[in-house]
Amino acid sequence: MNTVWIVDDDRSIRWVLEKALGREDIPHRSFSSANEALSALEIEPVPPKVLISDIRMPGESGLGLLKRVKTLHPQLPVIIMTAYSDLESAVSAFQGGAFEYLPKPFDVDQAVALVQRAIAQSAHQKGASESTALAPEILGQAPAMQEVFRAIGRLAQSHATVLINGESGSGKELVARALHRHSPRSDAPFIAINTAAIPRDLLESELFGHERGAFTGAAAQRRGRFEQADGGTLFLDEIGDMPAELQTRLLRVLSDNHFYRVGGQQPIRANVRVIAATHQNLEDRVRQGLFREDLFHRLNVIRLRLPPMRERREDIPLLVRHFLQKSAQDLGVAPKRVSDAAIKYLQALPFPGNVRQLENLCHWLTVMAPGQVVEIADLPPDMKAQPDREAPISWADGLALEADRLIATSPGEVFDRLTRDFERTLIRRALGATGGRRIEAAQLLGIGRNTITRKIQELGMDDERPAPPPA
């Protein structure tokens, strides 16, 4: 019996998965197209236990295959693969009832573990209709961003309250809009309000509205943001700065779905999904007595954390291309390209303004850079003044990126794999500096002769030739 079916027009992907599954003695069968797999599915007396499919193939797409498979076999787990690391692919996969979403390039061990988990899966995965293909709204290949994509996909049929944590400029409102757009409330209004940008004495009226004559200047009745968002989503940005008295009113709305306009006597029902966001640590604000603990728990039903740019440096090339293309389209000019050297330079910068700062930079380059290929010299003066611009990234930041990747792809192996790589690198460099003389290498590293000998054996380095000494 073929436990796992692999569907991909890329022969090399099929080969890698076949070899990986074969090593685990997992029966499998491969197809080069969705139509080929569908034909087999219709005639096979017993369906596979798991189906792995690429998302974009000639002919029927992976999403089309997913939809057909869920019609024929609703309980069959389907794993969707894609080389396109965008939100739409993730959401479409989950809305179609996918078991999991596997971005390419993937770690083979992670893929096998995912297949094994899918084989053991017995719970029914409820399918949903395939969403219309639209332009990507959020991009990211970093593991932390893929987790955000997965969360949005899983929340696609939910009305749950969501709390988004992230630094300024990391894209909190984009995520809130995506949650609304892929929710059952997508046809109703999405209303956004920055609670930190409105004066305290006006914020209550802004949120809940007011009756005529409720206060000086209230010449007419006004509907607040809650009423405007009826049936839809209200996005409360910078919720951590909300005044204490309004926290109490918001808690009441979240508790019983009713509120009063300022100066009003009649309760108004609020059929609103609340998505809140903050750059602050709300737990700390609660401990400091600046934020109500009961309101925090009301908001903290589902929590999403958006990574800052320094935790997703591998996304900078992808985002730069996207923003340069967008700026060029807005200005009606040809898009510019950033050289490899300039990309490495940008990946070393701190980007305190996160994605918003990167987008502004790309707009500046579209207008101000003299040539079609952007070099380091073409960057704004303040960015060229950054220290350590020759180094693409510090070793600690590089270690952090690799740790994030392994935590996402190889849980349970992170410490052992990184420790072995760390020790192997140190020993190689020391041996290179001493021409292969182990006693001197041990002295350079500050370890004993027996220790370096034992480590070389444990790490399988006995047959390695010493690397040339550093210049």
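Helices here are DSSP runs of H or I with at least four residues, numbered from the N terminus. Met368 lies in one of them, helix 15.

This is a predicted model, where local features need pLDDT of at least 70 and side-chain atom pairs count only at pLDDT 80 or more, while totals for chains, interfaces and linings use all residues. Residues are numbered from 1 along each chain as its sequence is written, and side-chain values use heavy atoms, with hydrogens and water left out.

Now two helix pairs. Two packed helices are described by the angle between their axes and the distance between the axes. Axes are lines fitted to C-alpha atoms, for helices over the stretch in contact, and angles run from 0 to 180 degrees between N-to-C directions.

Helix 2, residues 34-43, packs against helix 3, residues 62-72, at about 10 degrees with the axes 10 Å apart. The two are therefore roughly parallel, the term for angles under 35 degrees. In contact, meaning heavy atoms within 4.5 Å, are Ala34, Leu38, Leu41 and Glu42 of helix 2 and Leu65, Arg68, Val69 and Leu72 of helix 3.

How do helix 19, residues 438-445, and helix 20, residues 449-458, cross? Their axes come within 8 Å and cross at roughly 105 degrees. Helix 19 and helix 20 are therefore roughly perpendicular, a label covering 65 to 115 degrees. Helix 19 contributes Arg438, Ile439, Ala441, Ala442 and Leu445 to the contact, and helix 20 contributes Arg449, Ile452, Thr453 and Ile456.

Back to helix 15, residues 354-368: with three residues, this helix gives the most to the nonpolar patch.

How values were computed
Angles under 35 degrees count as roughly parallel, over 145 as roughly antiparallel, 65 to 115 as roughly perpendicular and the rest as oblique.
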